[in-house]
Amino acid sequence: MKILLNNSDLNEALSGISNLGFVPTMGSLHKGHLSLIKKSLKNCSNTLVSIFVNPTQFNNKKDYINYPRSLKKDLLILKKLKINFVYLPNKKDIYDSNIKKKPTLNKKDKIMCAKYRKGHFEGVIDVMDRLTKKIRPKMIFMGEKDYQQLYLVKKFIKKKYKSQIISCKTIRDKNKLALSSRNLLLKKKDQFNAGRIAQNLIFFKKKLTKQKNINIFIDNKKKELEELFDISIEYLELRNSLNFKNTKKIKNSRLFISYYLNKIRLIDNF
Ligand code: AMP
C-alpha cells in the first residue's frame, strides 16, 4: 500500500494507472467503509482510499474539531485490506486549484439535510469535484447511509466527469444502528437507544404500506419517538428515492430521519 501525502505523490503514483476505484472517506474507518472498499477491490484493478476531514462541509466549527480521528488505526486496517493507495491530503492540497466558484444547490434540492445544515452539501460537492478532478477514477464508491449526499454528488459528477458513482448498501450493527464514525461520540446507553430507534423505524416503514393517511401516521410517529427516547427530530419524511419528491406511495420510497440524541446529530434512511 502506497501512502500518498500530497499532490505530487498522488500524480506520480497514478500516472499510467487505469481502472481505478476510489473510496472517499473522512477516516475513523468502520465496517461501513470496509464494505465500499471491498466492492472497489472486487470491481477495479486498483483501489485508492482518501482520508480527509473536509472543513468546508462542516457548518459548525465545534463539530469539525470534535469529529473523530484515528489515522494510525485506519492505516493498519487499510494495509490489511491490501488496497493500492491511501491519499492523505492537507487542506492546501485540496484547495489549491483554480476551481473558485463554490457549487450551489437548486431550490428544489434544499430539503432535509440541505435545509438544516446550511452549506454542508455545497462543501461536499466542492470537495468531491476537486478530488475527482485530481484522481480521475473509473468508479467512485459511496454509501446509501448518506442517501441525500449520494443523490446530489451523483447528479453533479455525472454532468462533469466520466467517473461512475456506485452506491453501496448501508451496513448496520447487530442492533440495527447504521454504522457511522459519529457513533464513537455516543455513550453506550445512547448507542443502545439509537439502535432501538432504527429497529422501530424499520418496522414502521414495513407497516406504512397498509396505511391510508400516511402523513398523519408519520407525524404521530415523530411525536412518539421524541417522547419515548427524549430526542429532537429535525425531519422524518417519506420521499421518492429517485427524484426526492415528497410522496405518499411506498413504492420507490425511503423514510429519512435526522435527529439529535444528547447533542449528537444522527441521520438514517429506511
Ligand atoms: P464518511 O467517512 O462518513 O464521510 O463516509 C465515507 C463513505 O462511507 C460515504 O460514502 C458514506 O456514505 C459511506 N458510509 C458511511 N457509513 C456507512 C455505512 N454504515 N454503510 C455503508 N456506507 C457507509
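The model is predicted, so local features need pLDDT of at least 70 and side-chain atom pairs count only at pLDDT 80 or more, whereas totals for chains, interfaces and linings use all residues. Residues are numbered from 1 along each chain as its sequence is written, and side-chain values use heavy atoms, leaving out hydrogens and water.

**Helix packing**

- The axes of H7 (residues 120–135) and H8 (residues 147–160) cross at roughly 45° and come within 10 Å; axes are lines fitted to C-alpha atoms over the stretch in contact, with angles from 0 to 180 degrees between N-to-C directions.
- Helices are DSSP runs (H or I, at least four residues), numbered from the N terminus.
- The contact (heavy atoms within 4.5 Å) includes Phe121, Val124 and Ile125 of H7 together with Leu152, Val153 and Phe156 of H8.

**Domain interface**

- Domain 1 spans 2–168 and domain 2 spans 181–269, with bounds from an automatic or database domain assignment.
- The centres of the two domains, taken over C-alpha atoms, are 26 Å apart.
- In domain 1, 20 residues are in contact with 17 residues of domain 2.
- About 1,800 Å² is buried between domain 1 and domain 2, 59% of it from carbon and sulfur atoms; buried area is the accessible area (1.4 Å probe) that two parts lose on being put together, summed over both.
- Met112, Tyr116 and Tyr147 supply 35% of the area that domain 1 buries against domain 2, more than any other three residues.

Terms used
Helices (H or I, at least four residues) and strands (E, at least two) are DSSP runs, numbered from the N terminus.
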